[in-house]
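Please walk me through this structure in plain terms. I would like to know how its parts are placed and what lies against what.

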Amino acid sequence: MKIGIKITTMRFPKVSLKKCFLFTVAFAVLLLFGFTLREKDIWTSRTQHPLMPPKSQQNPEETQNIALLTHIPTTTVRSLYEDYDKTQDMDNSLFPEGNGRPWYFSNGVRYPAPARINRKTKKRVARLFPYEDSQNDRITNQLMFVPPNYEEIKQQGKLKTILLYNGLGPWNVRQGKDVFQHAKCPVSTCTLTANREHSATADMILFKDHYIPPGVTRQPHQIYMLYFLECPYHTQNIKFPSVFNWTATYRKDSDIVAPYEKWEYFDPRVKQVEQDKNYALNKTKKVAWFVSNCGARNGRLQYAHDLQKHIQVDIYGACGNFKCSRSTSDLCFELLDNDYKFYLAFENSNCKDYITEKFFVNALYRNVLPIVMGARPEDYLASSPYKSYIHVDDFASPKELAAYLHLLDKNDELYNSYFKWKGTGEFINTYFWCRVCAMLHDEAALEKPKWYPDINDWWRGKGVCTSNSWRIGRHDIMSDD
């Protein structure tokens, strides 16, 4: 008897070389398409602006100006939504659509929870001071800061005392807890006083505009803070070293930044929206300027006169030929809304971060395109809505600036591109006192308070101010007079 063994071999399906080739090509095309989209997103700022005419239609004189003003910078707007421990999973409620806008917005409803603690360092992760985040003003971080142990602090019932050494008058506030409670501060366990008898016990002594030594023994726990609103040219030269722990000024590297205005996006991912309004409609005049100080040290009046040689510039006030009474200021500013396309928002000094109501209130609050002079170009970029102004230092001369303004005057679409920021955010209340109170409860900052060895070197040192254009050189020619 023969036993036969049948060996069955396993057959694999036939692979078509043609199908394999087509599949490989399709996969490669998809990869190439995805890479191209990413490259397009990354390099958008290097492409020609879609509103600009083709290069073949541009004359040589306009080409340089166009390149300067239509370049879209790849800036990153950091906000409170980044002020959390990156080692933890992000909660969708941190974003605007999660559970409403933060409390400091108009109709804002979202109040902060106690600050998170980093699992590794055991320290709070909120970036509150310049040494923790030197590139931003940290205002929203401070507005959304609540100490990790705040519930315990409230139960103890102890208030932090802030002594306004130069009196209540300059602050226009009431003594006591009213300012913190009325503002509904997230951290409100503080009280204000102007009684200098508290000099030896106050948690903070706040000096506004000028410093006078209290003449009492200073306690180790006390914070001395200096508040300046004006630029270095118009503030006290303080002769006392190693006095101040904190500063409060318009400068972004102040401990508590107190700007003239603060712009905040509703959603930092959306910086422009299409407008349904033509902001150039029926405007027949070019440039306006309201000014009364004709002797500013940055040469702004001479610049305006040089600009007048190439474009219409109507100067209102003591320095020009046009009149509009301050008693009817609303009517004056209606001229900007209805008649003029451009406004000279020129500061009286060229100093780091020095951007006042001349820019925010006189221009951005109106329907006019501001031309700015004062702070450095990067300062305006960090403090302003995206593409909302023109900086004089983007041009080599008033003549080149005028050439670009003429281009905008002829092109409504390009002119209107400078107003797409409207509706993407608002100028928020920065709640100065709320932030001061919150910071005074930050144990990390109070354990070993920082010091300014020489407040003058920080406030009026090299590179802070210049009487020249920032294009010429970043050097300080200030004197102590």
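N298 lies in the loop between β7 and α7; helices (H or I, at least four residues) and strands (E, at least two) are DSSP runs, numbered from the N terminus. The model is a predicted one, in which local features need pLDDT of at least 70 and side-chain atom pairs count only at pLDDT 80 or more, while totals for chains, interfaces and linings use all residues. Residues are numbered from 1 along each chain as its sequence is written, and side-chain values use heavy atoms, with hydrogens and water left out.

Is N298 buried or exposed? With a relative accessible area of 7%, N298 is buried; the term means under 20% relative accessible area, against over 50% for exposed and partly exposed in between (1.4 Å probe, protein chains only). The side chain of N298 reaches the backbone oxygen of E347 at 2.9 Å. N298 and N350 are joined through their side chains by a polar contact of 2.9 Å. Such a contact is a pair of N or O atoms within 3.5 Å; within protein, one must be able to donate a hydrogen and the other to accept it, and residues adjacent in sequence count only if both atoms are side-chain atoms. Setting aside neighbours within four places in sequence, the residues in contact with N298 (heavy atoms within 4.5 Å) are E347, N348, S349, N350, M373 and S467.

Next comes helix α7, residues 300-308, whose buried residues are R300, L301, Y303, A304 and L307. Because these residues cover an arc of only 160° around the axis, they are on the same side of α7; the arc is that of the directions from the helix axis to the C-beta atoms. An α-helix has 3.6 residues a turn, so residues three or four places apart point the same way. The cover over the buried residues of α7 includes the strands β7 (285-290), β8 (313-316), β9 (340-346) and β11 (369-373), together with the helices α9 (357-364) and α11 (398-410).

Several of those strands belong to an open sheet of 5 strands, in the order β8-β7-β9-β11-β12, with parallel pairing. Its edge strands, β8 and β12 (390-391), each pair on one side only. Two strands count as paired if DSSP finds at least two bridges between them; the parallel strands β9 and β11 are joined by 5 bridges. F342 has L369 in β11 as its bridge partner.

Rings of Phe, Tyr and Trp (its six-membered ring) pair if their centres lie within 6.5 Å; planes under 30 degrees apart count as stacked, over 60 as edge-to-face and the rest as tilted. Y211 and F240 form an edge-to-face pair, 5.4 Å centre to centre with 75° between the planes. This pair links distant parts of the chain, 29 residues apart: Y211 is in the loop between β3 (204-208) and β4 (223-227), F240 in the loop between β4 and β5 (246-248). Y211 is buried at a relative accessible area of 9%, whereas F240 is partly exposed at 40%.

F360 and F427 also form an edge-to-face pair, at 5.9 Å centre to centre and 75° between the planes. Here F360 in helix α9 is linked to F427 in strand β13 (residues 425-428), 67 residues apart. F360 is buried, with 2% relative accessible area, and F427 counts as buried at 18%. Both belong to a cluster linked by ring pairs, which also has W263, Y265, F359, Y365, Y380, Y389 and W421.
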